[in-house]
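I am opening my notebook on a new structure today. Come and look things up with me, one entry at a time.

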Amino acid sequence: MAAWELGTVVKLFRKHTGLSQAGVARMVSIDQAEVSRLERGLKQIRDRRQFVQWTDALGVPEELLGLLPTADPHNPDSTGRPGTADTRARGYAALPEGPGQLLLPAGRSVSTTALPVLTLPAASFLGDNLRLDSRPELDAWRTMPMRALVVANRTVDGAVRQFVTDARPSGVRATATASDPVDIPAAYELDDLTYGILWAMSGFEAALLGDDQSLHTSLASLTASPGLPLASDHGLTEVSRMLIGSETAARYILGHRDHLGDAPVFWTREQRGEEAATWLFFRHKYRYLERMAPRGPGGTSGRGFCIPETAVAASLAYERVLLFLAIALMESFGIRSWVTDDGGFAHTDGFALSPGRRAVIASWVRTEGASHLAVTARPGALRTFADVTGHVSHHSATAAEQAGERLAATAEYLGLDASWLGRRCAQLSAVGTERLARPRSRLLGLEGLEAACRFVAEQLVIIPRIRTAPTR
């Protein structure tokens with residue numbers, strides 16, 4: 001309820017009462033189709049008054065209504081301006097002042113991560129930065145070698161907003177002394193975008209650094225065309241196995257790049273933000289995209305995604321943001337995205353296809369730790385793969401001629417606000433993400449994330465935006 005996920009509430013209500021969608025529709029005087037759309041995440045209630053009307057009709061206990069936020073931070077038509085709601089409106093508890101920790105939840109592969117956090121009131125808000133004046137506890141915090149965060153509190157319109165940065169100086173600021181003030185860009189406000197970035201980077205990083213020695217040995221054994229599972233990967237974390245699997249698949253496809261033509265088409269198995277975030281943060285995957293991008297001037301290829309509505313409904317907003325950014329990264333390389341909700345394609349192996357010539361099968365997502373690798377030129381197999389991409393490209397849930405229109409449709413499909421994404425990505429692009437999520441592992445990078453943010457900022461200018469007063 002705190003995350004405005006009324007569709008989940010309705011599904012739980014029906015599970016425990018045995019009511020059908022039609023029965024719920026009668027209770028709230030709407031069509032059964034609207035209940036179906038709500039449960040699948042295709043319809044959202046973003047007005048507190050409507051939300052309360054639903055809870056009244058369903059008989060939700062009054063003591064639970066206190067969890068409802070006062071306004072939707074992304075919707076200007078709710079009871080407050082965009083971004084003015086408490087961070088709890090997105091399901092995150094406000095961090096109390098003083099030292100503490102930000103507990104980042106486990107995913108399917110990522111383990112729970114706890115980041116040390118020092119939260120202080122902002123001394124001032126100058127230009128686009130919040131300033132924290134030097135003080136002994138802040139100066140000591142900034143020398144912490146592990147990943148740690150500094151958070152600035154600022155009350156705006158009666159609501160506490162929080163802005164987060166990496167505790168250690170980086171880039172041009174790395175020469176700053178510990179006693180200097182800390183400036184935190186307003187673009188680093190803690191919300192679904194920045195929380196998702198911290199969640200993925202921290203989870204990936206903790207696992208890879210924990211496996212550093214064994215992982216180094218495993219990666220050193222990879223060849224240009226690996227075909228056998230690694231003997232030493234059984235003791236690695238799931239994230240390290242993800243990295244080995246994805247790098248194995250990438251190298252295998254790259255080994256056959258010259259046989260795939262100028263603009264191959266692809267099929268991918270990522271369905272959730274956790275899997276898709278590997279495109280944004282695994283350094284080898286960005287290099288892979290650079291080499292697999294269409295070669296001809298103005299050339300385009302395509303990549304199909306099977307993202308069932310059930311996967312969308314089961315994902316929290318910050319994870320859906322990561323999935324959206326991964327799709328935007330593909331588009332930035334001239335790779336047109338196709339999205340199908342047909343779960344029948346969920347088990348199709350990932351592949352790169354040169355129609356009528358050759359297909360390279362390379363799957364690592366949901367393969368139980370063993371990559372599926374093969375090359376085929378059999379006409380029957382090529383027709384099957386062409387049928388998959390042909391069907392999905394002609395029935396894509398996000399079909400549009402222009403990349404910006406496809407991104408807007410993708411945002412809608414994932415239940416995200418396209419205008420908000422465009423604005424927030426533009427803000428992040430202007431200041432960069434280095435001071436927010438600088439990687440500690442050499443296997444991770446920010447190139448993919450920053451390319452995706454730039455592209456979203458460029459493309460979603462076609463989406464009408466509602467101007468709001470500057471937050472000062």
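Is tryptophan 199 buried or exposed? I looked it up: tryptophan 199 is buried, with a relative accessible area of 2%. For this I took buried as under 20% relative accessible area, exposed as over 50% and partly exposed as in between, with a 1.4 Å probe and protein chains only.

Ground rules next. I am reading a predicted model, in which local features need pLDDT of at least 70 and side-chain atom pairs count only at pLDDT 80 or more, while totals for chains, interfaces and linings use all residues. I number residues from 1 along each chain as its sequence is written, and side-chain values use heavy atoms, with hydrogens and water left out.

**The whole chain.** I found 17 helices and 13 strands in the protein chain; these are DSSP runs numbered from the N terminus, helices being H or I with at least four residues and strands E with at least two. Of the 472 residues, 55% are buried. I also looked at contacts, meaning heavy atoms within 4.5 Å. Among those with a separation of 6 or more, 73% join residues 24 or more positions apart.

**Aromatic rings.** I paired rings of Phe, Tyr and Trp (its six-membered ring) if their centres lie within 6.5 Å, with planes under 30 degrees apart called stacked, over 60 edge-to-face and the rest tilted. That gave me eight aromatic pairs. I then noted tyrosine 286 with phenylalanine 333, an edge-to-face pair at 5.6 Å centre to centre and 65° between the planes. Tyrosine 286 is in helix H10 (residues 283-292) and phenylalanine 333 in the loop between H12 and strand S10 (335-340), 47 residues apart. Ring pairs also link Tyr195, Trp199 and Tyr318 into a cluster.

**Cysteines.** How many disulfides did I count? Taking a disulfide as a pair of cysteine sulfur atoms within 2.5 Å, I counted zero. Cysteine 425 is buried, at 0% relative accessibility, and cysteine 306 is buried at 2%.
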